[in-house]
Structure formats: C-alpha cells, structure tokens
Amino acid sequence: MAPHRQSDADPGASSTVLLLLSRISLRHARIAPRQTALLVVLLALGVAVFVSIRLANKAAVAGFSRFTETLTGQSDYTVLSPAGPLDASVLPEMRAALGDRPVHLIPVIEASASRPAEPGESERFGRPAYTLLGVDLISVANLARPQDRGYFEGRMDSRGGSEPPRDDGPWSALQGKPRVWLSRDYATKLPEQIDLIVDERIVTVDVAGAIPESPDSPKAPPTLMVLDLAALQSLLNRGARVDRVEILIEAGAGADQVRAETRRILSDLGRDGGRWTVVEPETQRSTTETMTRAFRLNLTILSLIALLVGLYLIFQALDGAVVRRRTEIAILRSLGVTESMLRRAWLAESAVLGLLGGGLGLLLGWAGAQFAVEAVGRTVNALYHATSANHAPLSGEDIGLGLTLGLVASLIAGWVPARTAARTPPAQVMQRSAAASQGTFSRRTQLLAGLGLLGVGVLAAQLPAYPWPGGGRFPIAGYMAALAWILGAGLVWGHTLPLVSRLARRLGRRSFTALLSLSHLRRPSGRHRLAVAALLCAIAMTAGMAILVASFEHTVRGWVERSLQADLYLASAGAQSASAQNRISSAATAALSSHPAVERAMALVVFPIVLEGLPTSLNATDLSQLRVVRRMPWVVAPRSDAVFDRATNHDRVLISESFSERFRRQPGDSLTLPTPSGPKTVTVEGIFADYGNERGSVLADREHVRQWFRTEAVTNLSLFLKPGEDVARVRAELLRNYPGLTVFSNATLRTEILRIFRQTFGITYALEVIGVAVAVGGLGLTLISVLLDRRDELTTLRALGWSHREIARSTAFEGASLSLCAALGGLLLSLALGWLLIYVINKQSFGWTLGFIVPRGQLAGLALAIIATGTGVSYWAGRWGADLPADREE
Amino acid sequence: MNTAANPSNRRPRRHGHLRWWRHGLAACVFGLVAGTAKPEATADGFALPQPGHTFEFPRDHGAHPEFKLEWWYVTGHLYDESKQRFGFQATFFRQTSPDRTTELHLAHMALLDVAAGRFLHQERLNRDGWDAFAQRATLDVRNGPWSLRLVDEPREVMELSGGVRSDARLRLTLTPRKPLVVFGEKGVSRKGDDPTAASYYLTFSRLQVTGELTLGAEAPRRVSGEAWMDHEISSSQLSANQVGWDWVSIQLRDEPRELMLYRLRRTDGSEDPASTLQWVSPESHPQRSPHVWEVLSTWKSPATGAVYPARIRLTTKDPQTGVDRMFIIEPLRSDQELTGDLAGIAYWEGACRVLDANQREIGSAYMELTGYARALKL
C-alpha cells in the first residue's frame, strides 16, 4: 500500500510527530534504558571534553589580563616600551604634551616573585609565582572609586572588616619601609610579614592588609601582591624606571575627544613605536591570546576527537534503531503517517538525545574544567606567561555552545537514518534482518568516497598555513588533511573486515564460536564498519600524538644534551614562570663567577622585546664562549667566526629556529632591534635550535646588550667547575650563601626540563584517553545493536544447546576481530598522522624541526590494550545478548 | 616687590577638608613649645610667620616648604560671549610631611554652569613628584593636569589650567587689576590666641579673567570675568572650640572695592570673636569693619543631608562713608556643594550674586560654608 503524501503544513503533523516521539521513541528508551543511557553518556563525554578544554583555555587567557585591572580598572591605553623599561623622565614629558587634558597617567612596575621553598618542599620549577604590582597608591585614589582610598584609609583585615582609620592617612603610603597588600584569597588569615625572593635575595616585607576591593571591580587573584610604586622600585633596586604607563581618560561628555587626542599625542611623542607604543587593552589581550593561540587551538582540536567518535556512535545507534523498528515504521506508514512526519519524529529523537547528551556534557565538562584549568594554567605558566587561572566559570555562551554542539552532532548523525526510516517501503517489514544491515550507502560509494577523502588529505597536507592577523600561522590545511584522512580511512578500512575474518578463520578453525562470529564479519554490517571507523579514529589520533610526543621528546633530549654542558645552572628562585623577569644582581654575578671552584661562568640575559609588532625576546651571552662549546645545536651554523668576536659582533646576532620561521629571517638578513638606546640594526649570522619557546629569540653578545639596556643583572648563570671540584659540595655551598637562587646540577636540570616537557603534554594524553574510552564504549553499543538484530539467530543457537558463555565468547571473538582490524588500521593511519603533526602542523604552528621517532612499545601497548578492552566489552555485550528473547523488541 | 603691614586680621583655615590633613594640624598645635611668646618654629620644626617679614616676589608667590601648610585659592565669575554665566573654583594645597622629607598635594576644582543648572566638581591628591609639585622660585603649581603658573612676572599675570574630568576644561589668564593685599599685622595674619596660630596671607582681590571654557564635546567658548585669589602660608592655625566657618568674598560691581568676611562658628553656636569683616580699598588696603550675619533661608543637601545657609543678609559699616551698608548674598544655585568624594568631608563653596536693599544686583560673591555636614573637630 503506497502511502499518500500529506502537506507538511498539516496542523496535525506536529502533534503526530509528538505522538510518535512519545509512543515509539520513549517506549524504546523505556525498554532499553541502559543502552539509551550509555549513548547519552558517550555523547556527553564528547561534549564534556570540548567544554572543559574551552573553559580551561578561557580561564588561562583571562587570568593574564586581570592583574592590572584589579588595581586601576580598565585602562583606555597602555604605553609600553618595545624593549626594556621606560625611563621615569618620560612621565613629565607625557604630562606636558597632554597639557590640561583630563588624563590619569599611572606608571606601573611589575615583577614576579616566589616564596622561599619550605623545608622539604620541592625546589622544582613551577612553584606558585606571585605578581608584584607597583603603583602610586596615592595617585590611584584619584580614580575616585570607592576602593581606591582603601590603601591609606585603614588596615583591612582578611575578613573584609576594617580597623579604625590610621591618623597618618596617605603619609603611611609614603613611609620608607615597603609594605605589601595581599589578595583576600591569599590565605584565610593574612600573615603579618611575608618572605619574598627578589633577585638572589630573600626579603621580608610587612603585610599592610588586603587589596581593597569593591563588588564591581575584578577580584584580586590570589597570586597578586600590591606595593606602592616607590617601595617596589627600592625593593627591586630598579631606580626610576617603570614597566608601563596605564592611561585612563577621565569620564565626562568630552571623553571621546580627549581619548582620541591622547592617543594621537602619545603616539606622536612615542615616535609611533620607536620610543614606546600606545596599545589598547583589546590589543594587549589579543597579543597574549596570540601567544597561546596555537597551543589553545591544538587543545581544542584534540578535544573534538571524542565528539567526532561520538558522532559515529549516534549515527550507528539511530541507524540500528531504524533497522530494528522497521516493523513499526511499516505499520505507521500503512496507517497513513507521512514520510516527512516520520523523518521529523526521527530527527526529534536525535535532537532529544543530543540535548540530553549536551546537557550532561556541560555538567561533566564544567567539572572536568576545574581539573583541566590547573593543567592548562600550569602549561601556560611554564611556556608563556604568569596566569592566575584557578577556576573556570561557565558562561551563558558556553551553555549555549555545549547544547548546540550536542544538538548539531546528533542531528547530523541522525539525518541519514531519519531519511532511511522515512523511505523504508512497508514491503520490507517481514525482512527484519536480511538486507537491512548493509548500511545506507552502497559499499562501492563508501569505498570511493573514502579513497577520495584520503586523496584530498594528501593534497591538503601540501598547502601552506593560513597567516593569522597579528602574527602566527594557523595550519588549517594540515588539520583539514588530518580530518580527511580520519574520515577517509574510516570509510575504507571497514571493507578490510572480510579480509581480517579470513585471516582469523585460520586461527580459530576448530572453534565453533569463532567460526560463527567470523561468518558475521565475512559480510560485515554497516554498523560493524562504523564501529571499526570510530575505534580507528580514536586509535589513530592517540597513536599519532604518541609519535609526535616521542619525536619531540627525542629531539628535546638531544638538544638538552648538546646545550647543557655546564656543571651548575643558577637563576633567581623568584622566576617561576616563563614571563618572569627576575634577575641575579651584578654583584652576585661577579662573586659567583670568581668563586674559587669555578673555572668559567657564562651569563645569559633575557629581555622581552616587541619586534615588528610581535613579542619575542632578545637574549645576550658571551658569544665568544659559544665557539668553545662543542656540539652547539646549529640549524644553520655561522659561515664565519665574526659573530663570536666582540670586536666584530656589535651588529651580528644568532637567531633561534622559531624566530627564523616566525619573522622569516635567514642568515645574511638584517633585523632592527628596539633597545632603550634606540633601534639597532644587526645581521643574522646563524640559526640555532631552541625548543624553549615558540616566540623565538635573538642571541647577541652580552657586552653590547649591556650598553644598549644599561643593566648589569643577568637572568641565569651557567658555571663550569674546575676539574676535580665536587659539584654537590659547591651546589650546597651556593644554596647556603644565596638562599634566593635555584641551583640546578646538570643532571637535575635535564630531568627538570624533560619533566616540564612531559607535564605540558599531560592534558593531551587525558584527552586521548577519553577519546579511546568513548570508542571502546561505542564498540559495546555496536555489538549490542548487532545482537538485537540477531535475536532469531540467538534463539536458534540456544535451541541448539549453546550456553550463555559460548554465545558470549562468540561475541567476544567478533569484538576482538573488530578491535584488531581497527587497531591495525589505526596504527597505519597514525604513522601518516604522526608525519602530518610533525612536519606540517607543528612546523607551521611552532617552527620546530623534529626527528621522526615511532615509539613502538607504546603503540603496541595501546593496540593491545584496545583489543583487550574491546574483547572484554564485547564479552559483556554477548552475555547480555545471550538472554535476549526472540520476541524482545529491542 | 611688595611689602606691607596691615591691621590685625583673623581668617580661619579654609582647607580642612581632609581628616588626615586636619589631624596633622592638630598634632602640630598641641606639640607647640609652651610659653614661647613669639616662637620661630613649631615643636616639630616647622617655620612660623614672623612679623615684619619682607616679601620678595615672585619668590613669595612660590612654595614655602619650610612651612607645614600652604594653599593657592582662586574663585571667580565668568561670562561667555552670549553673556551666559559661570562660576569657578580652583584650589591647590601643599602639605609637608610630619618628618619634613616630602610633600602631598591636594587640589579641588569646581564649575557652575548657571544656564544648564549644573555644578561640577572634582578633587585630586598626589605626592610631590613628577605629577604634582609647587616650585619654590615662583608661582608654578601642578596637580595632574591642573596647573597655576605666573607667566608674566612684572605684571603678575597668571595662567590657570584645569577642569572637571572630561566634562569641563578651563584655560584662563588672570591679570591683577589691583595690587596684592597683604593681610595681617606686620604681615602676620593671626588666627587665634595661640602664638603659633598665624599665617602669611596674600590676596589678589580683583583679577581680570580672560580665556577659554570647553564644556564636554562642545567647541571652546571665549569667556571673561573677574576672580579672587588667596595665597596663604602657615604651619598651624586652629581653634579647639570651632565647628566650622563661613567665608565670603564680595566684589562690588560699580566701585573698585571688595569685602572679605569670615565667621568662625563655635561649638555652642556662637560666633568666635576672631571672626572679621574687611573692606579692601581701591588702593588694596584692608579696613576692618563690624558686621551682622543673618541667615534668610537654608538649603538641605540631598547628598549629605547637611543644612547650609542659603540667602544671607550681611550688614556692615562702610569705612569710606561711615554709613551702614546692607548686602543680600544669594547663591546662583543652591547645590554648589563639594561632596568630598575623595576625602570624605563635604563643604559648600559657591558663586553668589550680591543684591542691595532694593534687590538690585550690585556685585558678585563667592561663599564657603564648612562644618555643616559634620562638625569639624580641629
């Protein structure tokens, strides 16, 4: 009986859809609640991973920008020097140029510090780092916010109360002894005094109270410490220099005009970046975002794997349901339910699943983010800049995104099954399991599409990266290639199942259970192929990342061995973040260099600079010493020795590989470096490998840089001891004499670098594991669905005397074969993905050249673990299926 | 150079808007060396005004950091080319730290836009340094974007730049139309019975003002008018039983004479005998005269709840004619209250018109009323 078409506009149509949904879909959910629940949970996991990474990323970026805002609110502009601090003499110059324009000029100095390690506490890098902000606490009162007078209106206690106001008022802020204000979240009860590591010294500072807050200003992060500008300058021995000037236009009807004039006047005075740059807060935030963008984007993309795998699962769950409910569908069609109503009912069911999964995913994602934020924050801290991220709040936007993601994923996956359901001719009713499980598309179409996608991937891998506005490049073609390969391989690889079954047959010839399960794989259903595709996707991505990490680690290990040749490495223990600017004073440097046990000392000074609008760093060391260093990790060695000779190297520098990639410079090219003594034009002489950061660095001779930057202090010091000196003894002595220094021996530093390296990949592994878990769970769902299709067969087997265990074993064998097939394909694909990650995506994002290493043991372990888990899950599905009555609907 | 010795004159400090500021003064007074008839310094080492001091200008227009306190106080009335009326106040305070190592600078600015019915005001506080200072050699004081400078030394022409946030900007040239008045006996203006309670008190009682006023995003408008400027230097000037004071400066329209009155109000509500009214003659000689102060109406501040006198009838004897004169002092707007956003102490300081008995406008005035929001314990 051919159904007659009804108009979609039929007013009864939507109520029919609702009726179908409640009568059929809900009934199925009631009959098989665990299956429905598992599906929802797997989808939720996919959404959760994405949401938690998104939240953690947001928190890590937000954590950066909030330090100054806590003090001054949102600035209109920030005046930044392209290199080194600004001399305080620029302040009256700016004021004079601005005339009577109502503008607050707030000079800020910012330093980082850590607290001395408690006895027994680890001396490893990555202890809590504090940001010390120095601002004129009296002038801040002019911002006229309620909290601004808090610095001299009385000592606030940590519970928010206030002691009676001090009589000396603002004079207290001018008192000679430095005092520090701490965040209310620093501790439940603020200490009277606090020890801080400044340069190589430990200083004790009085705690003045809690940083004043008001409900409408950002909360002071627990790692923020505030001092009066003059107090911090004297604490740091900085002299009259400031790191930046925050510009705030006073409110009022003329503010827009004043803002525009201020920008123009200060930019002109700063010679458009020659002396300083005038940046807007959005630009500054986007610079910090740019710095971590590649890192965060890679994480986001990884976090989508689980969702991609989830997509396969929904598709196959709904597809399975279409097949199994064909009787119902046929009856409904016979009763006059139209195609469009059926399609909408199916889509509605997908949508409900999607929303449930999305909602649950949001909750899980939010919970996961609270852990992820620490891991992401730690990495951002170690690689990029100090961040105060400690919690990841869920915004309305995130909730919308999470639900949309679940909904869209389920609708995409449900679209084809819905169409199939709607178009199923009632005549197929009686053929429940016959041609049904061949899937929606023909094998040939799938194979061709798969091969096509693989080809597209090969082409995409050849394309260059997309250059981001504001610096950096996004390897979008690389990612597209990876996606094409994963989808393509998923489509193609299912077709090797008959081959696998033929091979396995030889092994399990004597076992009936094995033969039975293999007979199913000889003519694999669409769902079998989908399960293989999902598993393959998860395995390939995980193994591909394992290859990348192993290659990276191998390369870094080699680089560390070549780079680290001194016996002891010294740095201020205050430096606990990649952006820390803590130094060792010149006096200490001189004393350490002339220590009787030291044969030779090599100092390194790091200055963050802004070059061509992008943040990078200018490093300085005694280049003549590099000539004596054997095995320097050259990418391109200098052609002559001129760069090593102080007489000739005033305009010659070396650059790191990431610098070369990022700024497109090769040996022979010239560079104009910003310095406090004006721009210096230098020539690139060679390129060295440096895996320390992706911003790149320029290495110049220390003597010249000392003159340019007028500072003697150094960032770190490498000591080569005289032959026969006991490294441990010297280290112990230095630690005793300089409690504010971290002193690493060569071996400890190597271990430490590799530890930080692995730590940064910690979250990556967590994401992979979730992807694999979703895929293995999906395998269980597939087998359940397959068993449901085979209810008649199971009844027959039981009638023939098969035990539950035999049926379970047969299913386990089937699952094992599927896992094996997926593992083989996944490993094969992982080699391609590994190549793509190392030579295309990494190179384009970070500019690092890595060797290609296949961690065979790790990959074999992964494959075995997946096959074992897959077999276990399948056995469990088989046990469940063995009890299925023939008339069980689902 | 200007040297002057004038009849005894008492004028209360007008600056005490900050608790800490006043407290510094209290400590200073109570720490005086007892029994010294004419001390040269306070107990904590600050200089005190000395009778017969010879003022040297422009040096004495500049800062005197050896004294604890100092202020430059400009109030005035402006009209634009369409005769729209404005009032303005610009005050720069300087205080030396108790240990005499550094200084703080406080400043207030206010603008009354009569036509728009708007009163704008702002305070600034800064430590001595690049963004706030008072030069010693001449008049050159700055607090953030606000400044007051002597730009033409022989003619004693000054330039005042400032405004109120981004709502109003003033750039004014102040030219003396009369010589400087030096109040006080032998140049020392006594503030109370205490031998240290005294100041050097220098006033330009009539300054011609020209310049530019920019309101919000509007185009700058040319303005002109008249202003009054005080420069007072002291290390202590307190009375323990005062709760506040009322101060008025009057510039008569049709004759080159001015009046200045201050009344010190005591805790029991009575007027302190140190209160005084002074006429300034056309030659800038101050002449003391008796006065009667009557409050005709009051205004209650919605912001602070303080009830201030609004219309005042002031009766005094004209020293030139010996005839009684009556002035009605009427605020151009009642809400000219500086609410003390930065320092937390509110006072009223505003532009007024001066009427005679026939309600004819015969001059303009500025009036300051303190201690109404909260009793000032000095």
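Which domains does the domain assignment of chain A give? I looked this up before anything else. The model is predicted. The assignment lists domain 1 (1-67 + 289-440), domain 2 (77-279), domain 3 (497-564 + 754-890) and domain 4 (574-739).

**Entry: domains 3 and 4 of chain A**

I took the C-alpha centres of these two domains and found them 48 Å apart. I then checked for contacts. On the domain 3 side 8 residues take part, and they meet 11 residues of domain 4. Helix α16 (residues 526-563) of chain A gives the most to the domain 3 side, with 4 residues. By type, that side has 4 nonpolar, 3 polar and 1 charged.

**Entry: a pair of helices**

I turned to helix α12 (residues 443-460) and helix α13 (residues 476-493) of chain A. Two packed helices are described by the angle between their axes and the distance between the axes. Here the axes come within 7 Å and cross at roughly 160°. Angles over 145 degrees count as roughly antiparallel, so α12(A) and α13(A) are roughly antiparallel to each other. The crossing is left-handed.

Which residues of α12(A) meet α13(A)? I noted several, including Leu447(A), Gly450(A), Leu454(A) and Gly457(A). Among their counterparts in α13(A) are Ala481(A), Trp485(A), Gly488(A) and Val492(A). I sorted the residues of this contact by type: 16 are nonpolar, 4 are polar and none is charged.

**Entry: the sheet**

I traced an open sheet of 9 strands in chain A. Its order is β6-β7-β5-β8-β4-β3-β10-β1-β11, and the pairing is mixed. Strands β6 (193-198) and β11 (277-279) of chain A stand at the edges. Each has a single partner strand, so one side of each is left without a neighbour in the sheet. From one strand to the next, the twist averages 35°.

I looked at one pair inside the sheet. Strands β3(A) and β10 (residues 244-249) of chain A run antiparallel, joined by 6 bridges. Val108(A) has Arg244(A) in β10(A) as its bridge partner.

Next I searched for helices across these strands. α3(A) lies across β3 and β10 of chain A, at about 155° to β3(A). Helix α5 (residues 229-236) of chain A lies across strands including β3, β4 and β8, and runs at about 100° to β8(A).

**Entry: where chain A touches chain B**

I counted 33 residues of chain A in contact with 28 residues of chain B. α3 (90-98), β3 (103-114), α4 (171-174) and α6 (255-269) of chain A each supply at least two residues to the chain A side. That side divides into 18 nonpolar, 7 polar and 8 charged.

Terms used. Residues are numbered from 1 along each chain as its sequence is written. Chains are lettered from A and ligands numbered from 1 in the order in which they are written. This is a predicted model: local features need pLDDT of at least 70, side-chain atom pairs count only at pLDDT 80 or more; totals for chains, interfaces and linings use all residues. Two residues are in contact if their C-beta atoms, placed from the backbone, lie within 7 Å. Ala, Val, Leu, Ile, Met, Phe, Trp, Tyr, Cys and Pro count as nonpolar, Asp, Glu, Lys and Arg as charged, and the others, Gly among them, as polar. Domain bounds come from an automatic or database domain assignment. Axes are lines fitted to C-alpha atoms, for helices over the stretch in contact, and angles run from 0 to 180 degrees between N-to-C directions. Angles under 35 degrees count as roughly parallel, over 145 as roughly antiparallel, 65 to 115 as roughly perpendicular and the rest as oblique. A crossing is left-handed if the near helix is turned anticlockwise from the far one by less than a right angle, and right-handed if clockwise. Two strands pair if DSSP finds at least two bridges between them.
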